There are 2 protein chains.
Amino acid sequence: MTPPCKTFLAYVDAHQDEFVNRLGQAVAIQSVSGDPKLRPKVVEMGNWLEQQLKTYGVETQKIDLNTDDMAEPKLPPIILGKIGDSPDVTTILVYGHYDVQPAKKSDGWDTDPFELKVMPDPDGRMIGRGSSDDKGPVLGWINVLEAHHQSKLPLPVNLRFCFEGMEESGSTGLEKFLDGEIAKTWFAGVNSICISDNTWLTPRKPAVTYGLRGIIYYAITVSGPIKDLHSGEFGGMVHEPLGDLIHLLGTLVRSDGKILIPKINDQVPLLTDEEKALYEAIDFEIKDVKDAVGDSLVTTCKVPLLTRRMRYPSLSLHGIEGALSSNEPLTVIPHKVTGRFSIRLVPNQTVDGVHQLICEHLRNEFAKLKTQCKMCITKVGDGAPWLGDVTKPPFKAAKQATEDIYGKTPDFTREGGSIPVTVSLANKLHVDVVLLPMGRSDDGAHSFKEKLDKSNFIKGTKLLGTYMYKLSEQNI
Amino acid sequence: MTPPCKTFLAYVDAHQDEFVNRLGQAVAIQSVSGDPKLRPKVVEMGNWLEQQLKTYGVETQKIDLNTDDMAEPKLPPIILGKIGDSPDVTTILVYGHYDVQPAKKSDGWDTDPFELKVMPDPDGRMIGRGSSDDKGPVLGWINVLEAHHQSKLPLPVNLRFCFEGMEESGSTGLEKFLDGEIAKTWFAGVNSICISDNTWLTPRKPAVTYGLRGIIYYAITVSGPIKDLHSGEFGGMVHEPLGDLIHLLGTLVRSDGKILIPKINDQVPLLTDEEKALYEAIDFEIKDVKDAVGDSLVTTCKVPLLTRRMRYPSLSLHGIEGALSSNEPLTVIPHKVTGRFSIRLVPNQTVDGVHQLICEHLRNEFAKLKTQCKMCITKVGDGAPWLGDVTKPPFKAAKQATEDIYGKTPDFTREGGSIPVTVSLANKLHVDVVLLPMGRSDDGAHSFKEKLDKSNFIKGTKLLGTYMYKLSEQNI
């Protein structure tokens, strides 16, 4: 290991408490983007973060996403940062977000969600909203900057930062910004992107993430009668929208998860031996999900289970709007119902291709019903899948850095979920993205009692810094 | 027509305004049995009604349904009445209820729901909660009693009254009362029962109702994972309860209403020519239901449509509890969901027989899913179907009375819905029941702006009285 890196690591060790204190300051700012009343707090958090960057020598720019015709509440800014301009070293773009999910103590927190509570247990759980998602990882980079600035160590790479304040609310405004001139200027010369916004697969072993599933989310509305009817009066006389919708939803997926839409798997490549080896190497046991899934797994074999989560499409039904949803025994025939389901996409499926197959399938099945009801298909949202190339330098650097800091080869994982910004950035900048998680699978990112282990925060800070050094040693 | 009947009719004509005023007094008492806070008003209404009966020479008894171990709020009493004890004439039991559905002006009423508003239109709509269901019909009998009492006319039959105050809330306590000693004594010698608690099939033509469908209401719970899961994390790994439930619900009924449960129609008799003639004679047009059903009818032919409503079973899906029911695009995999559906029964189907077929079917279909999820079938409630014999004297009397008062032969109808007390009374007393509706199909009994036309109230009063005379002339 190079001496500058050693100095960096020593600084981190010596300043753990200050780092935790700073995370406490960040958690205390209630930057809940989903709550209009708290939107000013998100802006405050952006300002705070910009100040941190400036303190450690980073040039910043605050991007106002608001336009005159935009409704209240105002959008918080994107905070851009730039440090280093050497043509001889690689340039990493760091993406993170400074807004958080909502949290009320009554949701099940034992402590004030916006007061970081460090527990006296071996890993030092630090409980507070945003600790793991995503203030901890963002502050990991601030820690890296501080360590170098205070130790007067030059950074081994050029860094660019892009911190947004709307990630938990659909990243409003980000896409437009990425398409604009300012982004082009600020992100010119970027060679790779590093995002720390997911977690390890288990609480035990660090992970490097090289893939995400995409998604298409649907709302299928079936309507018939003018108003809700009484089943005593009209049962048997009418085509019932709920029955028709349930027939449609029943044609989508089998209980064992097999998707029944024709041709849906045509674009999904076969599992290669190399890939299989990656899944076999992953440290994963049934007990890691037992608390959540109980006995409902479709298989208890590791590789089929992991590939079902990470590399194959899946289709889940979420619910029905407009029908009876309480436990009152009402004999209503709902006149208009909307079923919601989503399909997770994987390479090489495309949003447009899958959407076409699903529409075709639904129209065919609806025609079979010979009903007088009407069907309307709405694509509520979508995001493409993403797959990185694990043989590329950023992944090698991430692997080596993890081995250095944790003494373990990381799990190479793909997430079953979607982080749309990853795909946006990868597509727009045409560079490699690596997801380098800081937290563990049990952090409870969107749940109550969200935590980040102190050990993950400190080692995670070292990991991010070391990643820079490892990547700077690679030829890219 | 006999002279006493003429005197009766003349009295009714001469006292229309007083009758309407009395209905106004009854409507003003907010006897909403479903609202615990208004339960004392139900009791007040019971007392008011008992006083009316006493005023016109009826012996009464107030039956307290409360027992020491019963929770608040207290049940309102059953009001029993008895007038006439001649062994030479027939004895009619009149059933009615003095409680009403809830009503708030904000539900869509233009007027105070508890202030009877008589409109200056040709039929004299009288708008107010309970006007049609069931205070109008109950007061129809009070009018009959008053007319005879004040005119010193002897009644042509013995009358017994059973007025309950919990009909809109499941008739709590009634069944137990009917099984007890007091009922046996009070209802000894009853030859037939008359109930006015439904409406004509259309706004145009009076009806006599000789059948009701029964019902079994189901809640089918499917559970799997320990808690709700995120479809990104777990989609594809687990058997999803909502998918399984939707497969089950999809096996129950076809879009055109055909019930798919094996053997379900085995007990349903074929339509006879006599029956078909009854349906053909009914004054019914598609436009009578067009405002409610739009274009969703499974057929536009009158007889198939009416028989689907009245004489064949039907199965309707009502909704799902425990799944996403809002329009938020959440990617949840619900861990436990309950589907609700009900089946309407007809003679000669039995609750037990149909229940067995449904359980068998659901278990077979569930087994086919090969799922790890668990299913639980709950029968939430049930009621047997009822069918009267239209060749019996009460129906002949009802027909003749209608022809006399309205100058029209009534539609002989069966209701698609259920009035459980009808079946209870018929089964317990082993006598004929006739349903002799007072209101029209557009009265909006359980809706806002409930009304009874003044013409129906006055002619309905005449109808009930004339029915007594007609029945007294028959040999039963």
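Helices and strands are named here as DSSP runs, a helix having at least four residues and a strand at least two, and they are numbered from the N terminus. In this predicted model, that naming places A:Asn348 in the loop between β13 (336-345) and α12 (351-369) of chain A. The peptide bond that joins A:Pro347 and A:Asn348 is cis, with omega at about 0°.

Two further places in the backbone of chain A deserve a look. A:Asp133 and A:Asp134 are also joined by a cis peptide bond, for which omega is about 10°, and A:Asp134 belongs to helix α4 (residues 131-150) of chain A. A:Ser171, found in the loop between β6 (158-164) and α5 (174-179) of chain A, has a phi near 50°, which is a positive value in a residue other than glycine.

Domain 1 of chain A takes in 3-212 together with 386-473, while domain 2 of chain A takes in 214-268 together with 312-383. The centres of the two domains, taken over C-alpha atoms, are 38 Å apart, and the contact between them draws on seven residues from domain 1 of chain A and five residues from domain 2 of chain A. The size of an interface is often given as the accessible area lost when the parts come together. For domain 1 and domain 2 of chain A the buried area is about 390 Å², with carbon and sulfur atoms giving 50% of that value. One residue pair in polar contact is counted between these two domains, both residues being at pLDDT 80 or more, and zero salt bridges are found across their interface.

The interface between the chains can be described in like terms. Here 73 residues from chain A and 73 residues from chain B take part in the contact, and the buried area is about 5,600 Å², of which 58% comes from carbon and sulfur atoms. Between chain A and chain B, 41 residue pairs are counted in polar contact, with both residues at pLDDT 80 or more. Two salt bridges cross this interface, and the side chains of B:Glu233 and A:Arg309 meet in a salt bridge with an N to O distance of 3.9 Å. On the side of chain A that touches chain B, the largest share, eight residues, is supplied by strand β11 (residues 314-321) of chain A.

Chain B has a strand with the name β11 too, and its place in a sheet can be followed in detail. Strands of a sheet pair through backbone hydrogen bonds, either parallel or antiparallel. In chain B, four strands form an open sheet in the order β11-β13-β9-β14, and their pairing is antiparallel. Because β11 (314-321) and β14 (374-383) of chain B stand at the edges with a single partner strand each, one side of each is left without a neighbour in the sheet. From one strand to the next, the twist averages 20°. The partner of β11(B) is reached through seven bridges, which join it to the antiparallel strand β13 (residues 336-345) of chain B; within β13(B), B:Arg344 is the bridge partner of B:Ser314. Helix α8 (residues 241-249) of chain B packs on this sheet, where it touches β9 (214-223), β11, β13 and β14 of chain B, and its direction makes about 10° with that of β13(B).

Notes: Residues numbered from 1 in each chain as written. Chains lettered and ligands numbered in written order. Predicted model: local features only at pLDDT ≥ 70, side-chain atom pairs only at ≥ 80, totals over all residues. Heavy atoms only, no water. Pairing = 2+ DSSP bridges. Axes fitted to C-alpha atoms, helices over the stretch in contact; angles between N-to-C directions. Contact = heavy atoms within 4.5 Å. Domains from an automatic or database assignment. Buried area = accessible area lost by both parts, 1.4 Å probe. Salt bridge = Lys/Arg side-chain N within 4 Å of Asp/Glu carboxyl O. Polar contact = N/O pair within 3.5 Å; in protein donor to acceptor, adjacent residues only side chain to side chain.
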